[in-house]
Amino acid sequence: MTTLQFFHLILSFTILISFLDHHPSLADDTSDDDSYWLMRIKSEFIDPFGALNSWLQETSMCTWNGITCRDDKNHILSLNLSNSGLNGAISPHLSKLTFLETLDLSLNSLTGPIPPDIGNLQNLKELHLFSNSISGTVPPEIGLLRKLQVLRIGDNLLTGEVLPIIGNLSELRVLGLANCEFNGSIPKEIGNLKNLMFFNLQQNSFDGVIPQEIGGCTELLNFAASNNRIEGRIPASIALLASLQILNLANNSLSGVIPFELSHLSNLKYLNLQENKLGGEIPFQFNRLVQLETLDLSRNNLSGNISLLNTNLRNLEVLVLSENHFTTIPANICIRNSSLHQLFLADNDISGDFPVEILNCSSLHQLDLSGNNIGGALPPGLDSLKSLTDLLLNNNSFTGNLPPQIGNMSNLKTVFLFGNMITGQIPAEIGKLQQLTTLYLYDNQMSGSIPRELTNCSSLADLDFFGNHFSGSIPPTIGKLKNLINLLLRQNELSGTIPSSLGYCRKLQRLVLADNKLSGSIPPTFGFLSELFLITLYNNSLSGPIPESFHHLKNLSIVNFSHNRLSGSFAPLTASNSLTKLDLTNNSFSSNIPSALALSTSLIRLRLAHNFLTGSIPPQLSQLKQLQLLDLSFNNLTGQLHTDLSGLTNLQHMILSNNQLFGPIPTWLGSIAELGELDFSSNNFSGHIPAEIGNCSRLLKLSLRSNRLSGSMPPEIGNLNLLNVLNLQKNNISGTIPPTIQQCKKLYELRLSENNLSGSIPPEIGTLSELQVILDLSFNQLSGQIPSSIGNLMKLERLNLSFNQLEGEIPPSLGKLSSLHRLNLSSNHLRGLLPSTFAAFPLTSFVGNDELCGPPLVSCSESSKKWLSESQVAGIIVAIVFTSTLICLFLMYIMLRIWWNWRKVAVSCGGSDTKKEEEDWVCGEEIVKSSDHHFWNSNSMALVPSSQSKQLSDTTCIFQFKLRNNPMV
């Protein structure tokens, strides 16, 4: 072989390989048979139920499950594996089945995307992929399937928009896209589908408006686009869909008025526009829709009159207009031989008396007028609605008695009359309603006894008489109600004992007899109520032990026997491992807490307060991992808290107050992260408050009152920044109040009284702006001044700082506490003037502060109205002493001068004889006599006439004193 020949051979082989790659059917020895590709497809499916077990190479593929062959037996026309339990992805090899006309893989568990290769199936007419878990977007290659008549891909996880290329499928009759996650708007190209008969877009996230082009789908019978986000107005072009029988646009955001053009849809049987934003009135033209069977316009903003006339709408069976603003019901709402079965007008603005026009609707099965303002008495003619099965008149303003004619409505199954003002007794005739299953009369003003005849209603399953004034005893024949599931008689005035026959209502699941006046013991027959899961008997006067037969009630979940007089042990209740809530508060139960209670591992709330329980808290309770509330307060429990209880990691409320528990407060409390309330008050706990308590960051209430705690307040208490209530009073806590308390910004009650706290009140306490109920620091050893920052606590209602060693003046800022209505500052060392706003408080609020004044205490003097500081007082005292010293020195000087002058006078007069003394007296007379005729000599110390001045001796006598002439004369 030459080199050239070899080269030609290689080239030919390469061309052949390339050709075969592009035409694999020519390369395969099975090219004239689809079985090869079917086996490939089988290998890619997961077939847990063996739906493909018949697919064997040694047998004809035309005998395989789900296969329909062509006449030539080599190619298939249909592959139907619907509801076969298949898993896995859709094989792209399906595209090799080029003669395929029908592919149905619906109702399986297929995943992954729709393969784009599916666009190669040019002969495909039907594609059913609905009800799988297919994801991704719809491949645009779908638009190549020009012969496609049915495309059902709904109820999957498909996303994205519906592409405009869908408009190329001109032969399409059925388009099912419901229950996926499609979004975007409806493409206007949908109007190109002239043969489309069924179009389902329900339960997606389509938005935008309904395109006007929808009117081009002239063959459309069913258009369902409910539960999307479509907005805008309903296009009038829908009126062009002359064949339309079903139009469902419910649960969107459509607005505007309902277009009257919809009345042109003469074949329309079902119209649902509920839960949109439509307004205005119902078009009167709707009376032309003579084929209409169901009309639902509920949950819109429609108003005005209901203009629908039953004379025209003879085929109307269901009319739902609830939750609008309609005010009246037309007089001709019904005619004789009407087809109307359901009339729902709930939650509108209908008022006045019962609309008697409705009594003409003899064909009615269900009537709902609830949630309106209809009043007056129920009409006796109500029994004209002989076909009625459900009567809903609740939440209106009906008064008067329940008419006895109700007993003639033999088809009644459900009666809702709750939330009215109906009075009187239950008529005995109600016992004739053998089909009655539900009777709700709660929240009325009915009275009298429950008639024995009621127990003849053998179908009764639900009975609720809550919140009335029924009295007397529960009918002893109640046990005849063998189908009773729920019996709710709470908040009435029923008395007597609980009938033992109630234990024979063996289907009973909920029994609510609370808030009555029942007495006696709990019947042992309750042990037969094996399906009972809820029983509430609280607020009665029941006594005696819990029957041992309660051990048989394995389904009990919620039990509330609180506020009775029950005694003994409650161990029979612990037989149910299904307990979630157990409340036995305020009874007389005694003995220990049974450890078997720990088997109820689903328990959420456990309340055993106000009993006579003894012993310690069982450590087995740590198994209650779901427990959120534990209330054992007001019992006689003793011992320490076991470490095992740290397992209660979901606990939110731990209330152990008023027992005899002792020992230290455990540090493991800090590990219970969900704890919101901790009340250990009135016990015998001792030692320090553990710093770990600061780890309970969700704590709202901390009460350790009346224990024997000592040491200081841990600064970690400031970590409790959600704390509302802090009560540490009546302990032996010492040291200072930690400034970190300012971090407890949510505090509205702070009680630290009757401890040994010392130091000053931290000014940071004034930053607790939510403090409202009380700030009580009384009976401590606090000193220093009252911080003015307390005046910032504008919500504070009570302030008690009494019996401390506080001093100084009361800050004026406290006078601005406008919410304060109780104040006690007594027995301190305060002084000064009281703020004027304190005048309204009693005298006892300030006694024991001797230097305080002002109303209501004694008035301050004018000179003391402005009180001085200590430095000012000291200065005044020094000034007074200094001034007094000067005055004394000056007086001593004057006295010495007087004494000195007196001494000199005495020496001058001491040696003269009697004659000289007489001259002195004569001199004195002359002075007196001449006093009226001569002026006084201003240069002389003596009073003498001026003419005789030279004749006087150097010494002149005046009143026996001799004065020397002025030396200056």
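Which residue in β11 stands opposite G160? Keep that in mind as we walk through the model together.

**Before you start**

This is a predicted model, in which local features need pLDDT of at least 70 and side-chain atom pairs count only at pLDDT 80 or more, while totals for chains, interfaces and linings use all residues. Residues are numbered from 1 along each chain as its sequence is written, and side-chain values use heavy atoms, with hydrogens and water left out.

**Stop 1: the whole chain**

Show the protein chain as a cartoon. Its secondary structure comes to five helices and 66 strands; these are DSSP runs numbered from the N terminus, helices being H or I with at least four residues and strands E with at least two. Of the 969 residues, 48% count as buried, where buried means under 20% relative accessible area, exposed over 50%, and partly exposed in between (1.4 Å probe, protein chains only).

**Stop 2: a four-stranded sheet**

Select β7, β9, β11 and β13. They make an open sheet in the order β7-β9-β11-β13, with parallel pairing. β7 (135-136) and β13 (205-206) are at the edges with a single partner strand each, so one side of each has no neighbour in the sheet. Now zoom in on β9 (residues 157-160) and β11 (residues 181-184), which pair in the parallel sense over two bridges; two strands pair if DSSP finds at least two bridges between them. Here is the reply to the opening question: G160 stands opposite F182 in β11.

**Stop 3: the core**

Next, select F223, F561 and F570. These residues have the most contacts inside the largest nonpolar core, which has 239 residues. Such a core is a set of buried Ala, Val, Leu, Ile, Met, Phe, Trp, Tyr and Cys residues joined through side-chain atoms within 4.5 Å. Stay with F570 and show what surrounds this residue: not counting residues up to four places away in sequence, F570 touches I546, L582, L584, F589, I593, P594, L597, L608 and L613. Contact here means heavy atoms within 4.5 Å.

**Stop 4**

Most residues other than glycine have a negative phi, and most peptide bonds are trans. Select D347, in the loop between β24 (342-344) and β25 (351-353). D347 is not a glycine, yet its phi is positive, about 55°. At 40% relative accessibility, D347 counts as partly exposed.

Move on to N539, in the loop between β39 (534-536) and β40 (541-544). Its phi is also positive, near 60°, and with 34% relative accessibility N539 is partly exposed.

Finish at P856, in the loop between β64 (851-853) and α4 (870-909). The peptide bond from P855 to P856 is cis, with omega near 5°.
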